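Please look through the structure shown here with the following report beside it.

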Amino acid sequence: MTERIDVGLIGATGTVGRQLARQLRNHPWFRLAQVAASSASAGLAFGAAVVDDIDDAESAFGSELLDLPLREPADIWEPKLLLSALPSAVAGPLEIELAERGHLVVSNASSHRMDPDVPLIIPELNPDHLELVDRQRWRGGLVTNPNCSVVGLAVALAPLHLAFGLDAVSVSTLQALSGAGRPGPSAGAMVDNVLPHIAGEEEKLACEPQKILGTLAGSTVTPAAFRVSAHTHRVPVSHGHLQAVSVRLRQRAEPDAVAAVLAGFKGALGDTRLPSAPAKVIELLADDNRPQPRLDRDRGDGMTVSIGRVRRCEVFDVKFTLLVHNLVRGAAGAALLNAELCRSRELTEQVGAR
Ligand code: NAP
């Protein structure tokens, strides 16, 4: 790839949007050219809107971005490729409108993840599902990434599903504060405390992994046939969702064999080189006291899923602990990797021309 192409960022002032803006600085394939937020921020320069919680905005975002004016998402956009970090409550109709206008929208929001004609992509797991874009009804296209906890879970389940077949999964999550967006729960609610409910999260964990690990045939994805039961909790950790996972396999396997399959997972990208793809999709940690959010979330620049404590489960077959950086692998990095996959498949050139 020799030329950088312009991209637009919607929801640029939010938790995920700011992380995307950081990761787009000096990106080899993309140049952040336009940014949008809510009508309350429109008209402000990006730098003025994000000054509240950053000491050195210039080194984080670059001086050009600080001066860019914030627009509203429904405005006319120059770039064909738009990254969306909008709240789901507003993403639904807006993202469709932008796809209808000929843009390729790569979205973090949950609004369209389960739509039959919208691919739900983790590039190392199901890059073939991108073909769904060809069958979409809009002039442009819409591609989504999964929920932040689902990304980590699906990455761990993919090699196990391939090697042994999955029957049932039980997962209990300990989710970081940054997963709640801005402003998030109050300090008063979180100090010395754990919240035992995150709206909508258990439902996403119960259905998104099966779509990702499903089979594309013609114009539909047949979901993989396993069940997921989830408990989700908000904990006072800044970044990094920890998950305690138990799996029942279709073909019985010892913990050592499961650990070997997880450690050897290469992913489905083959020779496709994407700038944000980590060298290791999964890193298996030997120490019983790992993974831990503070120590392990930044592995592979936040894109590697860390797994430890693979052992026999007294109820299912095998259990383990995993950690995913919710803001990077689970959100901004996930969307960026999807955008890179789209560019590597020349989708960014094709949409809008049809
Ligand atoms: P957030 O911190 O609340 O940010 C929301 C962004 O959307 C801000 O830029 C905000 O602009 C803008 N916005 C709010 N209402 C709007 C409206 N009516 N019209 C246009 N723009 C509007 O949320 P977030 O945590 O970044 O999450 C963004 C999306 O990513 C959500 O769909 C979320 O579910 C998903 N996601 C988040 C995570 C995570 O770890 N946080 C992980 C995976 C997926 P203002 O600054 O002007 O209000």
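## A buried serine

A residue is called buried when its relative accessible area is under 20%, exposed when that area is over 50%, and partly exposed in between, using a 1.4 Å probe and protein chains only. Serine 84 is buried, with a relative accessible area of 0%, and belongs to strand S4 (residues 81-84), where strands (E, at least two residues) and helices (H or I, at least four) are DSSP runs numbered from the N terminus. Leaving aside residues up to four places away in sequence, serine 84 touches Ile10, Glu95, Val105, Val106, Ser107 and Asn108, a contact being heavy atoms within 4.5 Å.

This is a predicted model, in which local features need pLDDT of at least 70 and side-chain atom pairs count only at pLDDT 80 or more, while totals for chains, interfaces and linings use all residues. Residues are numbered from 1 along each chain as its sequence is written, and side-chain values use heavy atoms, with hydrogens and water left out.

## Paired strands

Strand S5 (residues 104-107) runs parallel to S6 and is joined to S6 by four bridges; strands pair if DSSP finds at least two bridges between them. Valine 105 stands opposite leucine 142 in S6.

## Salt bridges

The structure holds 16 salt bridges, each a side-chain nitrogen of Lys or Arg within 4 Å of a carboxyl oxygen of Asp or Glu. In one of them, glutamate 124 meets arginine 329, with the closest N and O atoms 2.5 Å apart. Glutamate 124 lies in the loop between S5 and S6 and arginine 329 in helix H11 (residues 328-344), so the pair ties together parts that are 205 residues apart in sequence.
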